[in-house]
Structure formats: C-alpha cells, structure tokens
Amino acid sequence: MQSLVQNFGIDWKVLASQVFNFLVIFGVITFLVYKPLAKSVAERRKKIQEGLDKEEEASRRLVEINTLESKTLKKAEDQAVDLIAKAERRAKEQEAKILKEADEREQEMKKKSLEAIAEAKERSMKEAESELASLAKEILVKAVRVNPQSVDEALLKRMTDEVVKSK
Amino acid sequence: MGIGDEISLKAEHLFSIGGFPVTNTLLLSFAAVIVFVVFGLIFRNKIKVFPGKFQSFFEWILEEITNLMESVLGNRALAENYLPLVASLFFFVLVSNWLGLLPGLSSVGLREGGIIVPFFRSPASDLNFTLALAIVSVIATNIIAVKSLGIKLHLKRFFNFKNPITFFVGILEIISEFAKIISFSFRLFGNVFAGEVLLITIGALIPYFVPMPFLVMELFVGFIQAFIFAMLTIVFIAAATALEEGHEELQKVEK
C-alpha cells in the first residue's frame, strides 16, 4: 500500500486541491451556467405558453365573432322578411279596407240615389195626383157649367181633351 | 536518454504554494478551472430569453445530458436535480483531457538533467485527479441517497442485522463503495495515462504525421472516458436511490 501510494505519487494535498478545483467548477456550472439557463428556458417556456394561450383565445374569439356575425345577419334578414311581410299584410288590409269603404260608399250612394229616385217618383206622383185632382176639379167645374143633361160620353171626351190641351 | 525516462507514473512536482505542492497535472487542472470560470462569466452575461446560436448549442448539450439521465433515472425532475453534478464531472474530465492533448504542451517545461519536465500534463494522467473525482462522485452518490431515502434507510443498506445474508450483503456493499472509487479512478487514470504514453512513444519513434491519427483517437478516448465517468455516476445514483422501491416492497412483504 505504501509503495502504491509512493509509486503513483498520491498526495492528499494535491488530492484536496483537485477536489477544490472540482468544487469550483461545480459552482461555476451550477450558478453561472445551469441556473441562469434553466431560468431563461423556463421564462421562454412561459412566454411561448402565453403566446399559444393568446393564440387559442384569439381563434376562439374569432369563432365566437363569426357565429355572432352570422347570427346577427340571420336575425336582420329575418327581421327584414318579417317587416316586408308585415308591410304587405298591412297593405293588403288597407287595400281591403279601402275597397270595402268604397264599396260601402257606393252602396250608400246607390241607396241614396234610389231613395232620391223613389222620392222624386213619389213627389211626381203626388204632383200628378194633385194635378189630377185639380184636373178633375176643372173637369167637374166644366161639367157643371155644361148642362148636366147633355153630359154624355162624347162630351166628356171633348172636355177631357180640352183640359188636357189647356195643360 | 531513452523514451522511458520521459514517462513517469507520478506527476512531476514543480513548486509549492504555502505548503501545498503544485504538480504539472494540478497546474493544467487550474488552467481548466480558469477556462470554466471565464466561460461561465461570459456565458452568464450572454444568456437571453431568446437564445442565439451560442446559447442554443449549450442548451442542446445540457438537454441531451438531461434526456440521457432521464432515461437512466426514469424521472425528469431527478435528472434536472442531479444535472449540475453530472455535467460538472463530465465537462471537467472532458476539458482537462482535451487540454492535456494540446500539441506542444508537453514540450514546454524545465530541463532537469536532460529530461524536460513539462509545466502542463493531462490531469487525468495523475491518480490524484482521478481519485479526487472518484471520491467526489461516490460521496455525492451517498449524499443523494441519504437525501432521497433518509439516513436510516441508507445505512440499512450497509448495516443490516436482520439475518446473516443481509449482514454479509451489507459488508459487500461497503466493499463495493471502495471498489467503485478504485475502479473509477484507475479506469480514467489508466486510459489517459496510456494515451499519454502512446503519444510520447509514437512521437518519439516517428515525429511527423504518424501521431496525428493517434491524437484524434486520444481526443475520442478523452470524450469517451468523460462520458463513462459521468454515466457511471448516473447509474450509481440511480442504483442508490431506486433502492427505495425495493425496500418498500420488502417492507410490504414483511407486513
């Protein structure tokens, strides 16, 4: 053992120096290389993850916006169609109303004119009646003035003609 | 003066600082430390959330090591926890091996009686370095095991008086801890020292062009040895912490 140590030149002081050297290198690698590097890698990972999250969020929002857009468009279209249909319906109603009113007015006018005609007819009848009465009166007067004995058919005819002619 | 005179198992002693001897392997080890410190300081200030090529490259390396550790440990969080230790072992061995291969490094030194004693020598070609790392690795493994299992459960692995079999298994475990240190240190030392000897020998025989493939091979060996050292540490950590499940199952069976 002694010769082994001597032949290989083992010296605990040199050995300790080498251990010290290793510890220095261990410190350098741990604190100057590995830890800062791990930190920067972790930071990078975080940033990339954040980017990916944001991207995902953005695409999700885009889909939402797209569906919202199509929904809104559809709604607007529906509303427009509804509006048009309503307007059409209202126009039709209005039309029907107007037509009905016109019809009513027509009916009324017709009725009125018929009434007027009837009235006029009545009036003329009345007039005719009164005229006929006065005519008859005149006939009677004329007849009275003539000798009642001589009253015959021919005479009556002559008188009537006279009255009618005088009219 | 033969080739053998230039080859020495021991690292050459150069000078002393405050009673601490400084050998040429220790000097290169210091150089590696300086390389790491300078690199670390520059790197730290260059770290950005959105990395350039430089940062991406090191992130990739650490990521690969973490993946490898995860495949052994079976847990990402654990792999990240032990990454600094394993990466330090790997890069320290790798950088010191490759620094030791720098051409012309061994030709700069003091001339002592016709032999050049180089200022720098590959740290792993000195048993002090490999033994230091092996001790660090084994102690770290034990600390990690204590942290994840608790001191009681961890000690039970070495001192178990339930029956004679577990008692002897405990003794074997104690021996294996020391065997680990020996195998760690001699594997690395043997490979790197052999590489040094190979390069010196080839260089002395045919100085031009011929050593180049060997140099490339030594680069590869330097990487492989660093990799093996780190990998074995991961495996030992996995073995020391995975014991938990076995113990739990054992306790369930006992109940």
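# Reading chains A and B

Me: In chain B, what share of the contacts with a separation of 6 or more comes from residues 24 or more positions apart?

Reply: They account for 66% of those contacts. Two residues are in contact if their C-beta atoms, placed from the backbone, lie within 7 Å. Before we go on: this is a predicted model, where local features need pLDDT of at least 70, side-chain atom pairs count only at pLDDT 80 or more, and totals for chains, interfaces and linings use all residues. Residues are numbered from 1 along each chain as its sequence is written, while chains are lettered from A and ligands numbered from 1 in the order in which they are written.

Me: How many helices and strands does chain B have?

Reply: Helices (DSSP H or I, at least four residues) and strands (E, at least two) are runs numbered from the N terminus. Chain B has seven helices and four strands, in the order β-β-α-α-α-β-β-α-α-α-α. Along the principal axes, its C-alpha atoms fill a box of roughly 75 × 55 × 40 Å.

Me: And what is the pattern of chain A along the sequence?

Reply: Chain A reads α-α-α, with three helices and zero strands. Its radius of gyration is 65 Å, well over the 15 Å that the globule rule gives for 167 residues, so chain A is more spread out than a compact globule. The radius is taken over C-alpha atoms, and the rule is 2.2 Å times the number of residues to the power 0.38. The C-alpha trace of chain A spans about 205 × 20 × 20 Å along its principal axes.

Me: Is A:Ile29 buried or exposed?

Reply: A:Ile29 has 26 C-beta neighbours inside 10 Å, so it counts as buried. This residue sits in helix H2 of chain A. Leaving aside neighbours within four places in sequence, A:Ile29 is in contact with A:Tyr34, B:Pro84, B:Ala87, B:Ser88 and B:Phe91.

Me: How many residues of chain A are in contact with chain B?

Reply: 29 residues of chain A are in contact with 37 residues of chain B. H2(A) gives the most to the chain A side, with 24 residues. That side divides into 17 nonpolar, seven polar and five charged residues. Here Ala, Val, Leu, Ile, Met, Phe, Trp, Tyr, Cys and Pro count as nonpolar, Asp, Glu, Lys and Arg as charged, and the others, Gly among them, as polar.

Me: Which residues touch the most other members of the largest nonpolar core?

Reply: In soluble globular proteins, nonpolar side chains tend to be buried together. A nonpolar core is a set of buried Ala, Val, Leu, Ile, Met, Phe, Trp, Tyr and Cys residues joined through C-beta atoms within 7 Å. The largest one has 50 residues, and B:Val86, B:Leu89, B:Phe90, B:Val93, B:Leu133 and B:Phe229 touch the most other members. H3(B) gives the most to this core, with twelve residues. Not counting residues up to four places away in sequence, B:Val93 touches B:Ala124, B:Leu133, B:Leu188, B:Gln225, B:Ala226 and B:Phe229.

Me: What span should H6(B) have?

Reply: The expected span of a helix is 1.5 Å times one less than its number of residues. The 42 residues of H6(B) should span 62 Å, and the end C-alpha atoms are 58 Å apart, which agrees. Buried residues in H6(B) include B:Phe184, B:Leu188 and B:Phe193.

Me: Where is B:Phe209, and what is its phi?

Reply: Most residues other than glycine have a negative phi. B:Phe209 has a phi near 65°, a positive value, and lies in the loop between H6 and H7 of chain B. B:Phe209 counts as exposed because 7 C-beta neighbours lie inside 10 Å.

Terms used: A residue is buried if 20 or more other C-beta atoms lie within 10 Å of its own, exposed if 12 or fewer, and partly exposed in between; C-beta atoms are placed from the backbone.
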